[in-house]
Amino acid sequence: HRHYILVSAAIMAVFFLIIILCDVLIDSGRSFLLKVRWTTYLSVTFVSDGNWTVHIENIARSALKQVNVLRKLKFILSKQALSNIYLTFIRPVLEYACEVWDGCYERDIEKLEKIQLEAARIVTGLTKFASKDSLYFETGWETLANRRETRKLTTFYKIHNKLCPPYLFNCLPPITSDVNSYNLRNNQNYVPPRCRLRTSASSFIPSTVSLWNNLDISIRNSPTLSSFKNRVKADIYKTPKYYNEGPRKLSILHTRLRHQCSSLNADLSKIHIINNFKCNCGASFEDAIHYFLECPLYLNERRTLLSNCDDININIETLLFGNDKYSYDVNSKIFGKVRTFINQSKRF
């Protein structure tokens with residue numbers, strides 16, 4: 001009994017000691033925080049050393065899962081439907097809160113861009129040998145880096161014009177005219193913050209101040225947010241609607257011929273898959289010009305392709321890219337004939 005009494009007394013003493021210590025800490029206003037390497041807040045992962053690699057890996061992993069789903073629909077849905085799915089559900093994942101983490105490392109930027117390019121290959125049907133320019137030409141998308149710059153400038157415009165909470169405006173550096181009495185050419189520029197570390201210099205306000213100061217003053221003084229967005233947005237080539245018409249598989253073959261990444265021998269030789277440029281007809285070079293306009297193996301198909309085209313200047317550029325001088329209906333008719341030729345030739 002004596003032993004149990006001593007143990008119980010010790011437990012009670014420890015218990016009361018803990019209570020007393022808690023009261024002392026509360027009274028003194030002290031608190032202890034658990035230090036961790038990273039934490040997630042509002043789906044943004046913050047790391048103790050200030051880099052964004054962990055966050056980029058998280059959003060890349062999430063986006064790749066959705067891109068893999070998109071790949072399964074490659075030959076089922078139209079190009080326009082696939083593009084809409086990417087722009088609506090996948091690209092927002094790659095851009096969420098990008099104003100905060102745009103100062104990430106170059107390798108992280110490339111990782112995100114590669115995901116968009118992979119989605120572009122699925123949407124267009126182009127192979128991995130197609131260039132970035134070809135992928136962006138066919139989709140009409142902007143690079144993610146350009147879009148992030150536009151978003152940062154748009155957010156900065158709202159802060160500059162007090163279209164956001166006041167505490168954000170209070171974070172801005174002073175304007176040159178407020179700290180300098182001389183009538184300088186850059187009087188309406190913000191004074192660039194001094195940053196010792198790359199992490200600080202690439203954060204939102206320092207990096208966006210540089211972008212803002214490089215804008216023409218007339219753009220900065222745009223009267224509305226929508227007009228400002230339109231003026232800072234990059235000029236992107238809009239893919240003609242007739243590029244997206246026709247059966248999906250034939251449209252993909254046409255697109256590959258357009259960008260020289262088809263299974264024609266000249267295209268395969270260019271990427272060192274084969275060493276033979278020759279056509280089955282015996283010609284020394286099987287490229288798109290030979291396939292559409294010269295090869296004797298497709299005489300009947302070529303007659304169909306060129307029929308009722310007396311008022312149209314048929315050349316390889318028109319067959320592959322269309323012609324801006326012609327109306328939508330004429331270009332749509334030409335592309336329809338091209339896809340019929342591809343189908344009937346059974347070359348692919």
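**View A. Gln-260 in its loop.** In this predicted model, Gln-260 sits in the loop between helix 14 (248–258) and helix 15 (265–270). Its phi is near 55°, a positive value in a residue other than glycine. Most residues other than glycine have a negative phi. Gln-260 counts as partly exposed, at 47% relative accessibility.

View B. Lys-162 lies in the loop between helix 7 and helix 8 (166–169). Phi of Lys-162 is also positive, near 55°. The residue is exposed, with a relative accessible area of 57%. Its charged end sits over the ring of Phe-169, 4.6 Å from the ring centre.

**View C. Arg-258, Tyr-243 and an aromatic cluster.** The charged end of Arg-258 sits over the ring of Tyr-243, 4.0 Å from its centre. Tyr-243 also belongs to a cluster linked by ring pairs.

View D. The whole structure holds 20 aromatic pairs. One of them is Tyr-86 with Trp-141, a stacked pair with 4.4 Å between centres and 20° between planes. Tyr-86 lies in helix 3 (residues 79–95), and Trp-141 lies in the loop between helix 6 (132–139) and helix 7 (144–160), so the pair ties together parts 55 residues apart in sequence. Tyr-86 is buried, at 0% relative accessibility. Trp-141 is buried too, with a relative accessible area of 5%. Trp-212 and Phe-228 form a second pair, with ring centres 5.8 Å apart and planes at 35°, so this pair is tilted. Trp-212 lies in helix 11 (residues 204–214) and Phe-228 in helix 13 (residues 225–232), so the pair ties together parts 16 residues apart in sequence. Both Trp-212 and Phe-228 are buried.

View E. Side chains of opposite charge can pair when their charged atoms come close. The count here comes to ten salt bridges. Glu-118 pairs with Arg-71, with the closest N and O atoms 2.6 Å apart. Glu-118 lies in helix 5 (residues 106–124) and Arg-71 in helix 2 (residues 53–72), so the bridge ties together parts 47 residues apart in sequence. Glu-118 is partly exposed, at 24%, and Arg-71 is partly exposed, at 34%. Glu-138 and Lys-79 meet in another salt bridge (3.3 Å, N to O). This one links helix 6 to helix 3, across 59 residues. Glu-138 is buried, with a relative accessible area of 1%. Lys-79 is buried, at 9%.

View F. Arg-151 forms a salt bridge with Glu-99, at 3.2 Å between the closest N and O atoms. Arg-151 is in helix 7 and Glu-99 in helix 4, 52 residues apart. Arg-151 is partly exposed, at 28% relative accessibility. Glu-99 counts as buried, at 17%. Shared partners join Glu-95, Glu-99, Arg-147 and Arg-151 into one network of salt bridges.

**View G. The two sides of helix 17.** Glu-301, Arg-302 and Leu-305 are buried in helix 17 (residues 299–306). They cover an arc of only 100° around the axis, which puts them on the same side of the helix. Asn-300 and Arg-303 are exposed on the other side.

**View H. A nonpolar surface patch.** Tyr-41, Leu-42, Phe-46, Tyr-96 and Val-100 form a nonpolar patch on the surface. Together they have about 530 Å² of accessible area. Val-100 lies in helix 4 (residues 98–101). Val-100 is partly exposed, with a relative accessible area of 41%.

Conventions:
Residues numbered from 1 in each chain as written. Predicted model: local features only at pLDDT ≥ 70, side-chain atom pairs only at ≥ 80, totals over all residues. Heavy atoms only, no water. Patch = residues over 30% accessible without salt bridge, like charges linked within 9 Å, V, L, I, M, F, W, Y side chains within 5 Å. Areas by Shrake-Rupley, 256 points an atom, 1.4 Å probe, with all protein chains shown as cover. Salt bridge = Lys/Arg side-chain N within 4 Å of Asp/Glu carboxyl O. Helix = DSSP H or I, 4+ residues; strand = E, 2+ residues; numbered from the N terminus. Buried < 20%, exposed > 50% of the residue type's maximum accessible area, 1.4 Å probe, protein only. Phe/Tyr/Trp six-rings, centres within 6.5 Å; stacked < 30°, edge-to-face > 60°. Lys NZ or Arg CZ within 6 Å of the ring centre and 35° of its normal. Arc of directions from axis to C-beta.
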